[in-house]
Amino acid sequence: MTRPTSEAEYLASLVPASVRGVSRRTLLRGALGAGTLLAAPSLLAACGGGGSGSSSSGGAATGTVTVGSNQSDAVPKAAIQSVMDAFQKANSGLTTKINTIDHNSFQENINNYLQGSPDDVWMWFAGYRMRFFASKGLAGDVSDVWKDLSGAGMSDALKKSSTGDDGKQYFVPSTYYPWAMFYRKSVFEKYGYTEPKTLDEFKTLGTQMKKDGLVPIAFGDKDGWPAMGTFDQLNLRVNGYDFHVNLMAGKEAWNSPKVKAVFDTWAGLLDYHQADSLGRTWQEAAQALQQKKAGTYLLGSFVAQQFGKGAEQEDLTFFNFPEIDSNVGADAIEAPIDGYMMAKRPKNEAGAKKLLAYVGSADAQNIVVKADPSVIATNDKADQAAYTSLQKKSVEFVSQAKSIAQFMDRDTRPDFASTVMIPAIQSFLKNPKDIDGLVNGIEKQKQSIFAS
Amino acid sequence: MARKYKGIDHLTPVDRVVVGLMIAVPTLLVLWLVWVPAIGSVLLSFTNWDGIGPISSAKNVGLKNYTDVLTIYPPFVPALQHNLIWLAVMFLIATPIGMFLAVLLDREVRGSRVYQTAIYLPVVLSLALVGFIWQLIYSRDQGLINSVTGSSIDWYGDQRYNLWAALIASSWRHVGYIMLLYLAGLKGVDPTLREAAKVDGASERQTFFRVVFPVMFPINIIVLVVTVIESLRAFDLVWVINKGRNGLELISTLVTSNIVGEASRIGFGSALATFMLVISSIFIVIYLRIVMREQR
């Protein structure tokens, strides 16, 4: 599908086009402030809007394809722009129009967005979150696109994670990034630290870091989701991948001794975490690592976005979250996949599929991973020679893992993750003593939510 | 064209249509914009609708959402408490300060216009901006308070302080609003009343509490209503700070985070909204009773 173009042409297109104006959809953010009662009619209106729609298919793809992008941070935004520019260059007659929407607002309004008049192609996440919208009939079937992608560097594992409950594909992966313990090489060299393999080694290291005046683990959970990553890592190490998946799917009890053990382990580690985490964003926590005030930081590799390109990012590296139980091991990791989905009734279906095939190609992903070196390409044929050392390490890390989870808010029901787990984990961080009360509370809410 | 009005029976057909429209259009608007959503959200609170697909796909779950809110939803009780604390602080602290400032400014102190503008200025700012301005003051690592005092209190993040920190920011704005309302009222008080009080030998304090304050009854009611409304709809500021989590839960933010987010627990969120409606209704009833009694 994608036409081979010279490398020089791509390099030329790497220069990000001037940042386009923010779309009117960001206005939705402002609308959130409106009275809650007003929300009702707008919801009703949104339902009525999705009725009729005409799909144009077949024939040569021309016209405009609209893209809903949640990549509102400067670095990934420029990356998406470069990809779309390259797509237009390779496909004369097709133009793309990017609607950039603030990352969090996009997620918050996704239901209304998809039931209103969504863009032809929109950016989303693999996992339960993708299957959920596919099963609700809000996403378009892109199995056609996968017929070509499978032979062009996309692994079967990726195809599996792009497949909905009905066996069809609804997702085209673009990039992914591993979660791990990030640190600065220069800091470890300066104090003579070594990467810990087990939790005990890590605790010893943490105690030493405190003596050296460092915060052992940078930590910020103002937005509620970063601490989910800590829970996931601990659960994967304490109880293993299978239990984690079942727990996320609502098949295991949250008040079981196994989950309590996770929170117990976490409570024992809180002393090494940066204090007052609930008022700090992940960016601020990442800056503690960047400014060499903190020794390590458990986050996705997008932490690199807070580091200067070049030497500073070269100084950034990571180690796997240490082993806690040798029977469980440490070969399960988290590496969430970001990608694209198609609207149920795209205005320009042929164009949308062409674009989806392109974003799944090695060519497009080369552009993204070059512009945003905090992520790695999902396509095996992507050019790894140009990777930074962090990206190379990420590829190696992911390929060595036996099992890969997405992330709590992608692996479980969104209503459970956001309305139960965010307050629950935050209340654990405030009061780590009452674990029984905490897990019982979670379990009761889980039963109510998963029953509906 | 001036005709003498002889009662509704003597209106021309055109006039009747006009009058009919003048009554019907606002009534329909009120029904559509106020009553349909209000009743709709009460009805939705008995369902498990997830916001996707037609409403007919929603299942009736009876009172489940209400029992869930009351029994297994940990943020609800704190939210209720915070709403009441918010109301109490606005009513007992911010509003009296605003009234006090108005009385001071009414005495034509030198530069009263400058003070007036300075105190009123925060009202012009959007609450999102107010949140940001105070963020500069409260920020743990770069904030004004911590730089000056050398403390490392996380004003917006630590749940022991953040409600009070938010209340100070909100009061800062509320005081100006009340000050202006009250000042306008004070300017309207007949000066002869004060003179009469003075002649009778009343002190300043007596003049205010015995003469001016009772005369200001209608303004007092407006101030009361404004305070109650502002406290119950408190939302923007805490949403800007941390989306109403971690010590800043308010019923309004719980409603929003359940309904608006990806979560889309519309039924559950509507049950929360119904609680808010009931609480607001209590104050509305009190207000209406006062107003009705006044009119009689």
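This is a predicted model: local features need pLDDT of at least 70, side-chain atom pairs count only at pLDDT 80 or more; totals for chains, interfaces and linings use all residues.
In which sense do strand β4 and β11 of chain A pair, and over how many bridges? Strand β4, residues 172-176 of chain A, pairs with β11(A) in the antiparallel sense, and two bridges join them. Within that pairing, A:Tyr176 stands opposite A:Ile376, which belongs to β11(A).

Now to the whole sheet, which is open and has six strands of chain A in the order β2-β1-β3-β10-β4-β11, with mixed pairing. At the edges stand β2 (94-100) and β11 (376-377) of chain A, and because each has a single partner strand, one side of each is left without a neighbour in the sheet. Helix α7(A) packs on this sheet, where it touches β3 (121-125) and β10 (337-342) of chain A, and its direction makes about 135° with that of β3(A).

Let me turn to the place where the two chains meet. The contact draws 43 residues from chain A and 45 residues from chain B, and together the chains bury about 3600 Å², with 56% of it on carbon and sulfur atoms. Between chain A and chain B there is one salt bridge, in which the side chains of A:Lys136 and B:Asp50 meet at 2.7 Å, N to O. Nine residue pairs are in polar contact between the chains, counting pairs with both residues at pLDDT 80 or more. Among the elements that give two or more residues to the side of chain A touching chain B are α7 (128-135) and α21 (414-430) of chain A, and α21(A) gives the most, with nine residues. That side of chain A divides into 18 nonpolar, 15 polar and 10 charged residues.

Definitions and conventions:
Residues are numbered from 1 along each chain as its sequence is written. Chains are lettered from A and ligands numbered from 1 in the order in which they are written. Side-chain values use heavy atoms; hydrogens and water are left out. Contact means heavy atoms within 4.5 Å. Buried area is the accessible area (1.4 Å probe) that two parts lose on being put together, summed over both. A salt bridge is a side-chain nitrogen of Lys or Arg within 4 Å of a carboxyl oxygen of Asp or Glu. A polar contact is a pair of N or O atoms within 3.5 Å; within protein, one must be able to donate a hydrogen and the other to accept it, and residues adjacent in sequence count only if both atoms are side-chain atoms. Helices (H or I, at least four residues) and strands (E, at least two) are DSSP runs, numbered from the N terminus. Ala, Val, Leu, Ile, Met, Phe, Trp, Tyr, Cys and Pro count as nonpolar, Asp, Glu, Lys and Arg as charged, and the others, Gly among them, as polar. Two strands pair if DSSP finds at least two bridges between them. Axes are lines fitted to C-alpha atoms, for helices over the stretch in contact, and angles run from 0 to 180 degrees between N-to-C directions.
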